[in-house]
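Subject: Structure handover and notes on side-chain contacts

Hi there,

Here is the structure I promised to pass on to you. My notes on what turned up in it follow just below.

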Amino acid sequence: MTQSAGPPPSRLEDLGLDDRVVSMLREDWSIEELFPPQAEALPHALSGRNVMLTIPTASGKSLVAYLAIVHRLTSDLEGARALYVVPLKALASEKARELRDIASSVGLRVGLAIGDREGETGMLEEADILVCTSEKLDSLLRTRSELIDRVGIVVSDEFHLLHDPGRGPTLEVLLSRIRHSRPEAQIIALSATVGNADEMAEWLDSELVVSEWRPVTLRYGTLTGLEAKVHRVDGQGTEEAPEARALEGKTTRPLQAILQDTIRNEGQLLVFVSSRASAQKEARELSKHIRHMLVDGGLDVSQDVIDRWEGIAAGLLGRGEASASVSSLATSLRGGVAFHHAGLTGRHRGVVEDSFRSGDLFCVVATPTLAQGVNLPARTVVVRDYRRWSTAAGMTMPLPVLEVLQMMGRAGRPKYDDVGDAWLLAKGRDEEVRLVDLYLHGKPEEVTSKLANPNALRAEEDPALLTHVLSMIATGGTTDRDALGRFFSKTFLATQLDSESLASRIDDVVSWLASNGMVDRLGESDEVKARILEEPPVEQPEEWEDEMPSWVDSATEVKGLDVASEPIRRNGERPRRGPPIFGFRKASMHDSFEADPPESASMSYSATNLGERVAQLYLNPISGRIIRDGLAKAMATLTGEDDYGQVSPLSLLHLVSCTPDFLPLWPRKGDYDAIQAALHGHEREFLAQAVDLDEERRMKGVLVLQSWAEEARVERIEKDWGVQPGDLRGRVELAEWLLYATRRILAEDEELSSMSSNAHRTLVEAIDEIHRRVRYGCKADLLGLVALRGVGRARARQMVDLLGVSNAADVAALTERDMQKLSDLRGWSPRLVDGLVATAGRAIRRGSG
């Protein structure tokens, strides 16, 4: 390990970088010399060594990775490819912009793969540097394994998120897969300060560079009442903690006092709270306070700034987005304050981030997820809440030290501030002492692998391991038990779990996959036996005894999964009265497994068609099994084998909502009547059961999706169900993906097709219809219009109601009178109508061609 003691900054010329890169850094980024930790890490990175860089926020971690990439791709790795892996889409976009600036100076091309843009996949082969989320890269490698062939350097940004139950397993397996397939590839890991950096660096076989150096001095303190007391100082020099001082304001309103103090010092404030409701409430109160100060003359703000606030607010509302959340955000913005949380859409969050980054806003009140996302520093940071509700524990729990330090590390803006202040809000002296001991003088937690659930008793309680074992068999070329064992022995999990336990977990998972039609055992292979004799034995890792945090992946709530579900038929109930399928425009008509004995090391495997499809579609295998069983039940209904059930749009929405890949919604007290009515009024239509005993939450998700597909407005859904725009968008995207996967599984299942080709075709068309309805948020009669570029569901409904059109041909044939009628509608124009008619004409010509 190398530990920085603050050596003098190095000149760019001393590193052997391309002159064009040096000129770009000076002229465009105003960088003349390196920060001490950068100067320490870069010689290792430029030479091709694996490096783990653990330094504070805003200390220049990314520049080390950027320079290593462009230097090596234009020298010893010319013709190779670099991967820059990040945890979040917003962060990927930010890093891609920065990399394009520096890479373009030497003629390198940067691609972005986050799954949001058409044509992204076509750019992959051309990109010298690919910026992507770990999930997107994992998905690409499952279908295009050749992408890994040219990889010469990999950067893992926010590497400490290996401990995150949602993202960590994918990142861990992804890095393991790259190291397995491309052992010569360089890995650069950029991490926040963690408790076991040496262990993580050893796993990567990397040089560890640790530093507490910061370009901006950071003062950590507590705010108790109105007393601001600094307890720790990090950064350049040896500045001592200043004396405690009293802020001006009301003792009962400390956030107002710290905001006033920050504004007087020409800074911006970030406030972190534990919940969305708190974020909105504090933003509203702080905005109101600013407006009162403007009226009372206690704050001098130019009219130009006030006009910008109004313009930002009007920009949100001007697009017809009048949901309660957006209206509340607009109201807060008129006082120079905003809130930021996952209930907002990505566009709304982007407006807040851009406005704060440009200096137009005084304050943003956010939930902790902001600290893991885009670069958004502020002069002052306040952590108001240090506890959060834990469903697993059934109580509020203190936030991890690592998470709180990530939030506080946002204080101090490079190039703008000489010092940043980060405050923990304490309710009294006793709490102040506890907070200081825990967060300001305590050590960050150790990062532990989340690839396996430490509390799992059954394979289906280990969803991450299930998913990735299937992926390695189906798409990773790891098709025997010895190869599986060798691959997983190189994961971070293997450094923390004894070899016998790891082997047992893998055996259980393989047995589940075999029992549930995902994997076939092909028998013991002589070729594998010969290979085993030739290869050296796998090193036995030390026994792991550290505790791991509770597994919180959504799929772990699955209890007692009955994978071999049989048709649901209740004693004494009469056959249905009505058709087997309804509600579609086109419609015309396991027992719990027992662990097997340990697998033979020479046992070879092959993914079944279902297993291969589930892996390529990026599904949790449990989701794949539930969907396949539901489709079998639907086919039995359509063929007449089952005379009880019916298939409707609700059937298919309910089916995908019952999978662990779908995130259910918490019901409010007022939701239960509608939920119970749906649960007990549509039993004939259900193709699956909520296996996690959470049927109310899953049914709420179904009813919200149904409202969306019935053209309910976003603001109506928020009013009726309390579901904010960001949550609605997230559930719609999940349902769209799961319905697409459902259609693919059905379309390529020969066994289901053999039951009846007509019934099979009918069901494929039904799934396709509800998939498109969810995608566009419309009823079936608009599907011929919403696919046209520039025609959303609102305009399509106006066209149907006013002119009776239903498809592109009707639009292309509009008369001058019809076009004038549309042009006269609010929000329309002659230019817009001409464009739609031309688009429809092109669509018809493409279809006929």
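Before the rest, some housekeeping. This is a predicted model, where local features need pLDDT of at least 70 and side-chain atom pairs count only at pLDDT 80 or more, while totals for chains, interfaces and linings use all residues. Residues are numbered from 1 along each chain as its sequence is written, and side-chain values use heavy atoms, with hydrogens and water left out.

**Aromatic rings**

Tyrosine 66 has a ring partner in tyrosine 84: the pair is tilted, with 5.8 Å from centre to centre and 45° between the planes. The rule takes rings of Phe, Tyr and Trp (for Trp, the six-membered ring) with centres within 6.5 Å, and calls planes under 30 degrees apart stacked, over 60 edge-to-face and the rest tilted. Because tyrosine 66 belongs to helix α3 (residues 61-73) and tyrosine 84 to strand β3 (residues 81-86), the pair ties together parts that are 18 residues apart in sequence. Helices (H or I, at least four residues) and strands (E, at least two) are DSSP runs, numbered from the N terminus. Tyrosine 84 is buried too, with a relative accessible area of 0%. Ring pairs also bring in Trp29, giving a cluster of Trp29, Tyr66 and Tyr84.

A second pair joins tryptophan 309 and phenylalanine 362, whose ring centres are 5.5 Å apart with planes at 75°, so this one is edge-to-face. Tryptophan 309 sits in helix α11 (residues 303-317) and phenylalanine 362 in the loop between α13 (346-357) and β14 (363-366), which puts the partners 53 residues apart. Tryptophan 309 is buried at 0% relative accessibility, and phenylalanine 362 is buried at 15%. The count of aromatic pairs comes to seven.

Arginine 179 sits over tryptophan 203, 5.6 Å from the ring centre, and arginine 795 lies over the face of tryptophan 828, at 5.6 Å from the ring centre.

**Salt bridges**

The search of the whole structure gives 56 salt bridges, each being a side-chain nitrogen of Lys or Arg within 4 Å of a carboxyl oxygen of Asp or Glu. Here are some of them:

- Glutamate 310 and arginine 334 meet at 3.0 Å, N to O. Glutamate 310 is in helix α11 and arginine 334 in the loop between α12 (324-333) and β13 (337-340), so the bridge ties together parts that are 24 residues apart in sequence. Glutamate 310 is partly exposed at 36%, and arginine 334 is partly exposed at 29%.
- Aspartate 385 pairs with arginine 384, with the closest N and O atoms 2.8 Å apart. Both aspartate 385 and arginine 384 are buried.
- Aspartate 480 and arginine 531 meet at 2.8 Å, N to O. Aspartate 480 is in the loop between α16 (463-474) and α17 (481-488) and arginine 531 in helix α19 (residues 526-534), so parts that are 51 residues apart in sequence are tied together. Aspartate 480 is buried at 5%, whereas arginine 531 is partly exposed at 26%.
- Glu227, Lys229, Arg429 and Glu432 are linked in a network of salt bridges.

**Nonpolar cores**

The largest nonpolar core has 84 residues, and Val469, Leu484, Phe488, Leu513 and Leu763 touch the most other members. A core is a set of buried Ala, Val, Leu, Ile, Met, Phe, Trp, Tyr and Cys residues joined through side-chain atoms within 4.5 Å. Helix α26 (residues 725-747) supplies the largest share of this core, nine residues. Apart from this core lies another of 69 residues, including Leu316, Ala338, Leu344 and Val382.

**Cysteines**

The whole structure has zero disulfides, judged by cysteine sulfur atoms within 2.5 Å. Cysteine 132 is buried at 0%, and cysteine 363 is buried at 0%.

Best wishes

Conventions: Buried < 20%, exposed > 50% of the residue type's maximum accessible area, 1.4 Å probe, protein only. Lys NZ or Arg CZ within 6 Å of the ring centre and 35° of its normal.
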